[in-house]
Amino acid sequence: MTVGIWILGDQLSMTQTALARVIASLKKPPVILIESLRHAQKRPYHRQKLILIWSAMRHFAEELRRSSFPVTYATADDFETPLTAWVKKNGISEIQVMMPSDRPFFQYIQTLKLPCKITLLPNNQFLWSEEEFAQWAKKRKRFLMEDFYREGRRRFGILMAGDKPVGGKWNYDKENRQPPKGKKLKVPRAFWFEPDEITREVIQKVQSLSFPTYGNAEPFRWAVSREGALQVLDYFIEKRLPNFGYYQDAMIAGEETMWHSLISPYLNIGLLHPLEVIQAAERAFFEKRLPINSIEGFIRQILGWREYMRGLYIYLGAEYPEKNWFNHTEPLPDFFWNAEKTNMNCLRQVLIQVQQTGYAHHIQRLMVLSNFALIAGLNPQEVENWFHAAFIDSYDWVMQTNVIGMGLFADGGILASKPYASSANYINRMSNYCQNCQFDWRDRLGENACPFNFLYWNFLERNRDKLKKQGRLSFILANLERMSSEELEIIRKKSTEYLRNFL
Ligand code: FAD
Ligand code: SF4
């Protein structure tokens, strides 16, 4: 029996299950990596995402060759043709591939017609297995992230002193999330790279593609190998992690990345493993005495949110992506694809940044982009498709729960306890975007009223009954009750006009 290993573009790790079992053997099995053009046309992906994946695949192929693997690197239309040719040429009787993280790709693999058997091995790029998560979830009525996170701390022994959390508290969020106002913040520069020869070749390929893509190809500054990803991680731990917590939610025009780690693109394609990142942050706490609020806040993102989102994605099943609890049907405005077309400064700043880099930090994604999509009543599946196309780190497993669940509350509260909807107040408090905007963040009815204000109240009014049953917004809904019918009429009118003009 001859085994061959197929490595997917988001499984670029020497310790992934299919490679780990043969890495020490003297005679290495044949390995294949495939750049498929048809796969790249599923949606108009960000050019930098295509460059990242294809360049990282090519670098990984080189690494495999250096480790004596006979590597076939195919560039083709589909997957089936090069797989079939490779199987025949090498007399392969069984292809082994690690289970894809994304459900659609798993379904696709099952439709392949190949001249040999194909075996899926467990995916080891996450900390919780599918079965372990299901064990945790099926015991409860509500899937509270905080409960899941504490379980993770205990299970993996992270920031624990015996059975108690280090420092006496599980969560230090009260000390985090400070607004940026009135402070002279000095943000350490981000750690970027110059493209090498392999990446430059891929940039050329992507720039000459004949199908629709999105965003700028250059400057391309992401790491494309494990070595580079480790440098980004080290730099983050040294320079950014100490202040990560304090300004985790702050947004400043021109400061795209603040104190964030910029490691999601690497975690999501296997260049970094979540446990090594968590342990590096924990070590920094014990060895360098970094502030516990920053360390705990950062570890919660990976041990908590990331694992929780992926666990729920699998647990909630294939229908979850179709959810639309508010029955929102407005189409995605053009300005999501072309930032110049909006005059709302917050949206413009974040969308320009996404066009240029494929990146926005969590609060820009949640409280600017998806908050707008939620209160404007945009169709959740269209919004999900945009996020999936536009971001450097997007995959089905991370997109569905983050966009459908957390961002748009389209699952009716399976994941979040209340919608992340807010007026301009929040954006003004947590950013400096409003200072240079033609709209007035304080105004909800006048000529210059900020669209976040009237759309927000219009959203609450439209969904008053559903939200009342939800229970968590009673304080805000009481304010809505106090509004006069004239005020509500102006809000309705302004919202309709806005949606007519921009959507
Ligand atoms: P940091 O702020 O430095 O956080 C560290 C790490 O924590 C991240 O690298 C990421 O791996 C993990 N993390 C934190 N929150 C989440 C979360 N909610 N889900 C999964 N991982 C999390 N993350 C993606 O990896 N890909 C996406 O396509 C993506 N889309 C999102 C869309 C929306 C609407 C929202 C609200 C969130 C989305 N996130 C996504 C989660 C989060 O915003 C990004 O992981 C984070 O901004 C990546 O930047 P960073 O590496 O600098 O993160
Ligand atoms: Fe955004 Fe409104 Fe502030 Fe302008 S005023 S930046 S549109 S929140």
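View 1. L262 has a relative accessibility of 6% and counts as buried (buried means under 20% relative accessible area, exposed over 50% and partly exposed in between, with a 1.4 Å probe and protein chains only). The model is predicted, so local features need pLDDT of at least 70 and side-chain atom pairs count only at pLDDT 80 or more, while totals for chains, interfaces and linings use all residues; side-chain values use heavy atoms, with hydrogens and water left out. Residues are numbered from 1 along each chain as its sequence is written, and chains are lettered from A and ligands numbered from 1 in the order in which they are written. L262 sits in the loop between α8 and α9 (helices are DSSP runs of H or I with at least four residues, strands are runs of E with at least two, and both are numbered from the N terminus). Its phi is near 60°, a positive value in a residue other than glycine. Most residues other than glycine have a negative phi.

**View 2. The shell around ligand 1.** There are 27 residues around ligand 1, and those that come nearest are H260, S261, L262, Y359 and D393 (a residue is near a molecule or strand if one of its heavy atoms lies within 4 Å of it). By type, the shell divides into 15 nonpolar, nine polar and three charged residues (Ala, Val, Leu, Ile, Met, Phe, Trp, Tyr, Cys and Pro count as nonpolar, Asp, Glu, Lys and Arg as charged, and the others, Gly among them, as polar). Ligand 1 lies between domain 2 (130-316) and domain 3 (334-502), because both give residues to its shell; the domain bounds come from an automatic or database domain assignment.

**View 3. Polar contacts and cover of ligand 1.** An oxygen atom of ligand 1 is 2.7 Å from a polar side-chain atom of H260 (a polar contact is a pair of N or O atoms within 3.5 Å; within protein, one must be able to donate a hydrogen and the other to accept it, and residues adjacent in sequence count only if both atoms are side-chain atoms). S264 places a backbone N or O atom 3.1 Å from an oxygen atom of the ligand. The side chain of N402 has an N or O atom 2.9 Å from a nitrogen atom of ligand 1. On its own, ligand 1 has 810 Å² of accessible area, and the protein covers 99% of it (areas come from the Shrake-Rupley method with a 1.4 Å probe; for residues, only the protein chains shown count as cover). Two or more shell residues come from each of α9 (264-267), α11 (292-315), α13 (362-375) and α15 (396-407). Helix α11 gives the most, with six residues.

**View 4. T401 in helix α15.** T401 is found in helix α15 and is buried, at 1% relative accessibility. A polar atom of the T401 side chain lies 3.2 Å from the backbone oxygen of M309.

**View 5. The salt bridge between R150 and E146.** The two side chains meet at 3.2 Å, N to O (a salt bridge is a side-chain nitrogen of Lys or Arg within 4 Å of a carboxyl oxygen of Asp or Glu). R150 and E146 are four residues apart in helix α6 (residues 145-156), so about one helical turn separates them. Both are partly exposed, R150 with a relative accessible area of 28% and E146 with 22%. The whole structure holds 26 salt bridges.

**View 6. The salt bridge between R492 and E489.** In helix α20 (residues 485-502), R492 and E489 are three residues apart, about one turn of the helix. Salt bridges that share partners join E461, R464, K468, E481, E489 and R492 into one network. The bridge between R492 and E489 spans 2.7 Å, N to O. R492 is partly exposed at 32%, as is E489 at 42%.

**View 7. The salt bridge between D173 and R177.** These side chains meet at 3.2 Å, N to O. D173 is buried at 17% relative accessibility, whereas R177 is partly exposed at 38%.

**View 8. Backbone features at P219 and S68.** The peptide bond that joins E218 and P219 is cis, with omega about 0°. P219 lies in the loop between α7 (197-207) and α8 (226-244). S68 has a positive phi near 70° and is found in the loop between α2 (47-66) and β3 (71-76). At 52% relative accessibility, S68 counts as exposed.
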